[in-house]
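Colleague: I would like to go through the labels on this model. Give me the value behind each one.

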Amino acid sequence: MKPPDREPDPRFTLANERTYLTWLSTSLALSAGGVAMAAVSADVFVPWMRTLLAVVLVSLSALAAAMAYPRWRRVQHALRSSAPLPPPALAPLFGYGVAAVAVLALILILLSR
């Protein structure tokens, strides 16, 4: 039987809210990075690679924004029902995705010199 919902400690609720807002600010930063990558001069990166990197960044941005609220809701439910917190399933995707973009951009910068 499911335990009744209870009001969690406000500090945990506020920490969950800050994490939600951080996912949204991360989404904005990824979006800005994608737009900046698309605006890079053609003599720095080949156009198709610039477009690919921009698309990856903006796609990660959309995913972060789309998944922020469902994640907040799952964590809030776990806090209210004293259940284990759900694992941050998307964190590795964002970490590896941003790292891959950074490594490719670094290689392209070094090759363009």
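Colleague: Which residues is Phe45 in contact with, leaving aside its neighbours within four places in sequence?

Modeller: This is a predicted model. Phe45 is in contact with Met37, Val40, Arg50, Leu53, Ala105, Leu108 and Ile109. Contact here means heavy atoms within 4.5 Å.

Colleague: Which members of the largest nonpolar core touch the most other members?

Modeller: Met37, Phe45, Leu53 and Phe94, out of 15 residues. Helix 1, helix 2 and helix 3 each supply at least two residues of this core. Helix 2 gives the largest share, seven residues.

Colleague: How do you know that the length of helix 2 agrees with its residue count?

Modeller: Helix 2 has 34 residues, so at 1.5 Å a residue it should span 50 Å. Its end C-alpha atoms are 50 Å apart, which agrees. There is also a kink of about 35° at Ala68, shortly before Pro70.

Colleague: What makes Glu7 and Arg80 a salt bridge?

Modeller: The N to O distance is 3.1 Å, and the cut-off is 4 Å. Glu7 lies before helix 1 and Arg80 in helix 2, so the pair ties together parts 73 residues apart in sequence.

Colleague: Why is Glu7 called exposed, and why is Arg80 called partly exposed?

Modeller: Exposed means over 50% relative accessible area, and buried under 20%. Glu7 has 58%, so it is exposed. Arg80 has 26%, so it falls in between and counts as partly exposed.

Colleague: How many salt bridges does the structure hold?

Modeller: Two. Arg11 also forms one with Asp9, the closest N and O atoms being 2.5 Å apart. Arg11 is exposed at 60%, whereas Asp9 is partly exposed at 23%.

How values were computed
Residues numbered from 1 in each chain as written. Predicted model: local features only at pLDDT ≥ 70, side-chain atom pairs only at ≥ 80, totals over all residues. Heavy atoms only, no water. Helix = DSSP H or I, 4+ residues; strand = E, 2+ residues; numbered from the N terminus. Expected span 1.5 Å × (residues − 1). Bend = angle between axes of the 7 residues up to and from the residue. Core = buried A, V, L, I, M, F, W, Y, C linked by side-chain atoms within 4.5 Å. Buried < 20%, exposed > 50% of the residue type's maximum accessible area, 1.4 Å probe, protein only. Salt bridge = Lys/Arg side-chain N within 4 Å of Asp/Glu carboxyl O.
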